[in-house]
Amino acid sequence: MTDPKSREELCYVQNFEQFRNLNAQMNHIPALAMTLTGGLWFGAGATENLDIEIRFALLMLAGFSNLALILIVYRIRDVLESYLERIETFHPSSFAGGTPKNPRLPWLGSYSMITIFCLLMLLAAMFSFIGAFWKYWPFEIYVWWGVAALGLLLLGLYLLIFRRRSVKNQANTAGGGSA
């Protein structure tokens, strides 16, 4: 029988397993985004005998889905980064951080792949919204009122998601209070 592992080794193994699972989850998101967006675009554009309201809704769903996937990708990447930090502390000299000594493109950092992919998803979301408003606007009111409403909705969501916590909430968190 082998000797029991130290607590540090067990934590390292568990952190690495969790990292692998999150990395696998991250690798599924591009295929999910392409399938979802392509399927919704196909449904909106190629399906015959579909009401214009449904086509509009499909493109809007594609746009909002891509925006949601951008948030998901960054959240998973942040969690992956926290696991990498813990894995590195176990044995720093053997840690491969992904930064070569002589990179071909030195300006590409740890979040570069995710950022490029998110820019592509943002572009797909914009195409979805443009197609929805330009081609399938189903309402009697002027289309620019709808564009303005979408802009306000996106601004409101942005402020809701990315707003900074108040100083009071930060003080409670730092002092041991629950957030």
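How many disulfides does the chain contain? With a disulfide taken as a pair of cysteine sulfur atoms within 2.5 Å, the count comes to zero. Cys11 is partly exposed at a relative accessible area of 38%, whereas Cys118 is buried at 4%; buried denotes under 20% relative accessible area, exposed over 50%, and partly exposed the range in between (1.4 Å probe, protein chains only).

The structure is a predicted model, in which local features need pLDDT of at least 70 and side-chain atom pairs count only at pLDDT 80 or more, while totals for chains, interfaces and linings use all residues. Residues are numbered from 1 along each chain as its sequence is written, and side-chain values use heavy atoms, with hydrogens and water left out. The mean pLDDT of the chain (the predictor's confidence in each residue, from 0 to 100) is 84, and 89% of the residues reach 70 or more. Helices are DSSP runs of H or I with at least four residues, numbered from the N terminus.

By class, the lining of the largest pocket divides into 14 nonpolar residues, one polar and no charged. Here Ala, Val, Leu, Ile, Met, Phe, Trp, Tyr, Cys and Pro count as nonpolar, Asp, Glu, Lys and Arg as charged, and the others, Gly among them, as polar. A pocket is an open set of points on a 1 Å grid over the protein atoms alone, where a 1.4 Å probe fits, with protein on both sides within 12 Å along at least five of seven lines; lining residues have an atom within 4 Å of a point. Grid points are joined across faces, edges and corners, and a volume is the space filled by probe spheres set on the points.

The second largest pocket has a volume of about 250 Å³. Of its 15 lining residues, Asn23, Arg77, Leu80, Ser110 and Met113 lie nearest the centre. At least two residues come from each of helix H1 (7–45), H2 and H3, with H1 giving the most, four. The lining of the second largest pocket has eight nonpolar, six polar and one charged residues.

Eleven aromatic pairs are counted, where rings of Phe, Tyr and Trp (its six-membered ring) pair if their centres lie within 6.5 Å, and planes under 30 degrees apart count as stacked, over 60 as edge-to-face and the rest as tilted. Tyr12 and Phe90 form a stacked pair, with 4.6 Å centre to centre and 25 degrees between the planes. Because Tyr12 lies in helix H1 and Phe90 in helix H2, this pair ties together parts 78 residues apart in sequence. Both residues are partly exposed, Tyr12 at 28% and Phe90 at 35%. Phe56 and Trp137 form an edge-to-face pair, at 5.6 Å and 80 degrees. This pair links Phe56 in helix H2 with Trp137 in the loop between H3 and H4, 81 residues apart. Phe56 is buried at 10%, as is Trp137 at 16%. Ring pairs also link Tyr12, Phe16, Phe19 and Phe90 into a cluster.
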